[in-house]
2 protein chains.
Amino acid sequence: MRDFTKKLRVLLIDDNANHLRGIKELISLETSYNVVGATRNANLGLSLIKKYRPDIVLMDVNMPEKDGLQTIQSINKLGISTNVVILSGYDDSDLIYRAMKLGARGYVLKTMASSKLIDAIETVADGKIYLPSVLTTRFFEYFQNAAKEESKVSAGENLLTTLTGRENEVLDLLTQGINYKSIAQKLIISETTVKTHVNNIFQKLQVNDRTNAVLYALTHGFKPSSTMQQEMVAA
Amino acid sequence: MRDFTKKLRVLLIDDNANHLRGIKELISLETSYNVVGATRNANLGLSLIKKYRPDIVLMDVNMPEKDGLQTIQSINKLGISTNVVILSGYDDSDLIYRAMKLGARGYVLKTMASSKLIDAIETVADGKIYLPSVLTTRFFEYFQNAAKEESKVSAGENLLTTLTGRENEVLDLLTQGINYKSIAQKLIISETTVKTHVNNIFQKLQVNDRTNAVLYALTHGFKPSSTMQQEMVAA
DNA sequence: GTCATTTAATCCATGGAACGATTGATAATT
DNA sequence: AATTATCAATCGTTCCATGGATTAAATGAC
């Protein structure tokens, strides 16, 4: 939970000087915030973050040299608990998706009322995600579409369903990059038997070598048929 | 955009009889809605959906025989434009994530004020996503965590970066399940050269066969180095 | 009686290791 | 400017292990 006895340390990054000044003034009006830095340069912003460890970073995504998404990644690598809130001019679904995937905690459009920005800071400081309804919708446009594409591949005419239990076990080991001999040992059967199974797998998956069998399995949502337990790997 | 001259056709699925009745009464109060069906059985609900093509389906996730998530999948397979709004007793991040991934358009907790349910229906009918702030946060708990795990694998000590340009091209073809001879033809070099490259790739990725090289590539975010163009496959 | 599972034996193709060696581009040194 | 060193990319040959195709057959479960 947020500590209300301390001021929230906020840092601003926006390559547009006017915008930067505007936000700074807006936030300075709030007595509970403390703007620890404001810069037009992403790389400089990064060093400031390293130095001041702000609670919140308000950042434009659309910047020349270093782009906002890359900057989020760089911040992540610092391994500190700074929360990033993205400022953007556009409600582009792809951009929102990528920013959130990289760990942004909030997303605000520049066209929104300035009170929204305060809302965002409050919400994020409270450990929650701030994503206005419109942007949530945009996000899911992308997200659900990507998921649909994914399931298309693993659905339609899935040859994996034709495999027998044993063949599934063998395929599972194949997808771990194990050779005939070792598979035979693991399953405690002869190598020839393994070859027979593998050949049958090839037939059913309509491929003619192990690499393509593995590729087929991976791109069609192959899941080792539950009955098998993983064993620990000695380090 | 929603057509306000027509009543919204709503269908309810909830295995709890009391709850089902409650929701039905609540929604019947709204003059702009028309409850075309209400059932305690998911499979029956599915046939009703097929029959009546409702605009909105309000569905409990937590049901005995057929679980809510499976039901969403079944609805998707029907290929109709029905929007699913999930009703759930718990704000479990994993559950929210999976439901939304499967294409749910809204998610409401049973503990929420009943007005929220109306909000949800209105929002979803308007083509938007309805996900209350708390649930959005829960969703992203899961989503961002999964993304972080993903990037951990493709980040840390990535041996793929040590590959030369040519080796990248060869690896790209390897991950397509192509054999030495064909790779040689595609790159217009001799088969021995391909073998040399592949051997070097093995060395660098610390594996000793093609399957493991491919597996390494796929699990470490290998991307064919841009300079290569895909060619069409004849059908 | 069909189907999954198992084994065997044979045979050939492919994959992969282990040498060595040439060319050309680039960077570093003299 | 001439030199050396380095490295990517290329090709060749030999050799053996592994992979994979084919055919045939036995067992047990359902």
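I began with helix α4 of chain A (residues 93-101), where I found Ser93(A), Leu95(A), Ile96(A), Tyr97(A), Ala99(A) and Met100(A) buried, buried meaning under 20% relative accessible area with a 1.4 Å probe and protein chains only. Helices here are DSSP runs of H or I with at least four residues and strands are E runs of at least two, numbered from the N terminus. The buried residues of α4(A) pack against α3, β4, β5 and α6 of chain A together with α6 of chain B. After α4(A) comes Gly103(A), with a positive phi near 110 degrees.

This is a predicted model, in which local features need pLDDT of at least 70 and side-chain atom pairs pLDDT 80 or more, while totals for chains, interfaces and linings use all residues. Residues are numbered from 1 along each chain as written, chains are lettered from A and ligands numbered from 1 in the order written, and side-chain values use heavy atoms without hydrogens and water.

Next I looked up Thr39(A), which sits in strand β2 of chain A and is buried, at 6% relative accessible area. The side chain of Thr39(A) reaches the backbone nitrogen of Asn41(A) at 2.9 Å.

Last, I turned to DNA strand D, which 18 residues surround, each with a heavy atom within 4 Å of the strand. A polar side-chain atom of His197(B) lies 2.9 Å from a phosphate oxygen of DNA strand D, whereas one of Lys195(A) lies 3.1 Å from a base oxygen.

Note on methods:
Buried < 20%, exposed > 50% of the residue type's maximum accessible area, 1.4 Å probe, protein only. Contact = heavy atoms within 4.5 Å. Polar contact = N/O pair within 3.5 Å; in protein donor to acceptor, adjacent residues only side chain to side chain.
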